[in-house]
Amino acid sequence: MIGPKGVIKKIEFVRTITKALYSLGYERTGAVLEEESGIPLYSSMVNLFRKQVLEGNWDESLITLHKIGLDDENVLKSVSFLILEQKFFEILEKNKIMEALETLRSEITPLSINKKRVHEFSSCIVSPSQRILVGFADVGTETLKPRMKLLEELQKMLPSSIMVPERRLEHLIEQALGVQREACYFHNSHESCLSLYTDHQCGKDHLPSHTTQVLQEHHDEVWFLQFSNQGKYLASSSNDKSAIIWEVREDGELTLKHKLIGHKKSVLMVAWSPDDSQLLTCGMEEAVRRWDVHSGECLYVYEKTGLGLISCGWFLHGKQLFSGVTDKTICFWDLDGKELDSWKGQRTSKISDVAVTKDGRQIISMCQETVILLLDRETKIQTLIEEEQTITSFLLSEDDNFLLVNLINQEIHLWNVRNDPKLVTTYKGHKRSRFLIRSCFGGLEQAFIASGSEDSQVYIWHRSTGDLLEALPGHSGTVNCVSWNPSNPYMLASASDDHTIRIWGLSKVNGKRKDTDSNGAVHHLCNGSSK
Amino acid sequence: MGRIFTVELDGRVYRCRFCRTQLALAEDLISKSFHCRHGKAYLFNYATNISVGDEEERVLFSGMHTVADIFCCCCGQNVGWKYVAAQEKTQKYKEGKFVLERGRIADGTDLEFYIDTRPNGSDGDDS
C-alpha cells in the first residue's frame, strides 16, 4: 500500500502510471517502469493474447483467453464471439466459403449468444453484398487496423483489473479537480485557475467586498438598479423622479451616460430590453416610459387612463412589454403602444413585482399576500407557491428556473420553479422591517445571493448552502436594491437611501487575476459616504 | 425613507390616525377594555404594517410583562405595544397579541378629537 491513508494499492498505482505513459507515447519510459518496478502492465497471458489477436492467430488466442482468468462466463462468451466474428469475416474475405461455414456452425453458433447477428453472418455467406450492410468493411490486404480496432473493443470488455482502462489516470485527476471545485466555497474564478500543484481554494477575497466607486448623481433615495444583460451598462432609478444610465468602462469605472428625465413621480424600477438597446422605466402609479439607451431619448410613454402603472418588463425577446396596474390587472402592449391583452387574475395591487418567462409563456405574480401564482398562458394551468409569511418582493432567475422570494420576516427563500415548485434554500441575516428590500443572484454561475438591508449593509450568501459570507458596511442609509454584473463576477452595485450607488469590487491588493476580465485596478476609493 | 412596504387588509380596518396606514382588522379585535397612559386601548390578535421596538420588562397594572413598543411603519408614530411574555399565568393569554392605543388609531367613523379622561392608567384587564 502507498499513500498516507493506506488506501492505494501499489500494483494498481504503478500500472495506472505505466498505462498513462504509454498513452502519452512514452514507450521507452513505460517499458523501463515495467522493468524497474517489476510490475508488468499486463500479465504474460494478456500480452500473449494481445499478440495473438494482432497477428490473427484466432484459435490460439481463444485458448489463451481461457487462461487469462476471467470469472464471468458472459464476458468470456462475448469476447470469444467478437474474436470469432473477426475470424469469420477474414476467412470470408479470402473466399473460403466452406471454412467460413464451418466456423459459423461449430464455433460461433454453440456460443448461443447474439442469435440475430449469427443470422446476419449466414446471410453474408449467401450474398457477398450483405457484408457491407452488416457492417464489415472491406478488409483487403490491410489487416492490422481492423485488428487493432478489435483489440480496443476487447480491452473494453475485459475487467479493469486485467486491462487497465484507457485514460484512467486522467479520469482520476479530473475527478479530484471536480471535487475541489465543488468544495470551493467562494468559487468565483474561471476554470483556468485550477492547478494540479495546490488544492483549489478561492479565498473570500474573490468576492467583491470593497467599495471601488461611489456614484452621487441622484438627488434623493435610490430605489432600484440593474446591470444590463451584457454588463456594459447600469441603470438606476430614484425617488428624485429620474433614472440614470451609467456606462461601465473597460477599466471598470462607471461614468454617467444619460439622465432620463420625464417622470412626474418617483421611478420605481427599470427593465433592460433583451438586446440592451432600450430601457423601460416605471413611475410610481404613473406611466411606463421606453427610452433609447444610445441617445437617451424617450421613445414612448405607456399609460392607462385613470389608472397608474406599478411595474414593467419585457418579453417575447423584446417585442412586447407588460406592466402591473393599480386596478390589480397586468397589461400587455406591443412597442407601439397597442394594448394586446389584459390579465385580470386575482392579484394584490401594492406589490408590483411581476415576471414573465422569456418565452412569454408563464406569468408570475402575487395573487395573495403569501401566495405567488405561476400561470401558464397556453395551458391555463395555475401553480401556486405558498409561503407562511407575507411576500414583499421576488425575482425570477436568468434561466427562468428559480424564484428568489423576499419575505416580511427577514428571510429570503429560493424556490426551484422548473416543475413543481420546491423550496430549495433559505437565507437569513439581513434586516428588513419597513421597506421594500430587493435581493439578486450573482457571481460566477450565479453561485451567490446578494441583498440590501435596512442596517445599511450589503449582504452576500453562498447560494447552495445558505451560509452568510459577507455583510458589507459603507452606505449610510438603507440599501434598497443590489445588482451583480452578469459579465463580471467581481462587480456588484448597491442602491441606497443615502442617495448614492456604491460599486463593489475586489480589494486593491488582489488586483492581479489570472482570468481575462478587463476590470482590474480600483478607482475612487472613498472615505465614508456622502450625505 | 426607502420604498415603504405595506400590506393591504380586506374588510373593516383600523388605521393609523396620523397617516391612515392600515394597522389592524376589526375582526381581529379582542377587547376594548384596555388602558394605556393616554387613555383607552384595544387588544388585537394581530397588527400589521408596524415595526417592533426593543423588548423591555414593564410593570403594568396586571403584573410584570415583557412588552415591545410598536410603531406605524409609515410615519413612525408609537401606536401601542406588543405583549411578548407575561409572568402570571392568568395573563398568558396576552402573549403575542397587540395593543393599539385608541388615541392613535382611527376606524373611519371617528370624531376628530379624543379627550383623555384617565390620568395614570396602565394596562387593564378584560372584565
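**Notes on the predicted model**

1. In this predicted model, D341(A) is partly exposed, with a relative accessible area of 34%. Its salt-bridge partner is R377(A), the N to O distance being 3.5 Å, and the two sit in distant parts of the chain, D341(A) in strand β13 and R377(A) in the loop between β16 (371-376) and β17 (382-386) of chain A, 36 residues apart. R377(A) is likewise partly exposed, at 26% relative accessible area.

2. A salt bridge also joins D376(A) to R361(A), whose closest N and O atoms are 3.0 Å apart. Because D376(A) belongs to strand β16 and R361(A) to the loop between β14 (354-356) and β15 (362-368) of chain A, the pair ties together parts 15 residues apart in sequence. D376(A) is buried, with 10% relative accessible area, whereas R361(A) is partly exposed at 30%.

3. Over all chains, the search of the whole structure gives 21 salt bridges. Among the residues concerned, D59(A), K87(A) and E107(A) are joined into one network by salt bridges that share partners.

4. The UniProt record, in an unreviewed entry, lists residues 47-99 of chain A as "domain: CTLH". In the model this span is 83% helix and 0% strand, with its end C-alpha atoms 28 Å apart.

Conventions. Residues numbered from 1 in each chain as written. Chains lettered and ligands numbered in written order. Predicted model: local features only at pLDDT ≥ 70, side-chain atom pairs only at ≥ 80, totals over all residues. Heavy atoms only, no water. UniProt positions renumbered as here; feature names shortened; annotations may be inferred. Helix = DSSP H or I, 4+ residues; strand = E, 2+ residues; numbered from the N terminus. Salt bridge = Lys/Arg side-chain N within 4 Å of Asp/Glu carboxyl O. Buried < 20%, exposed > 50% of the residue type's maximum accessible area, 1.4 Å probe, protein only.
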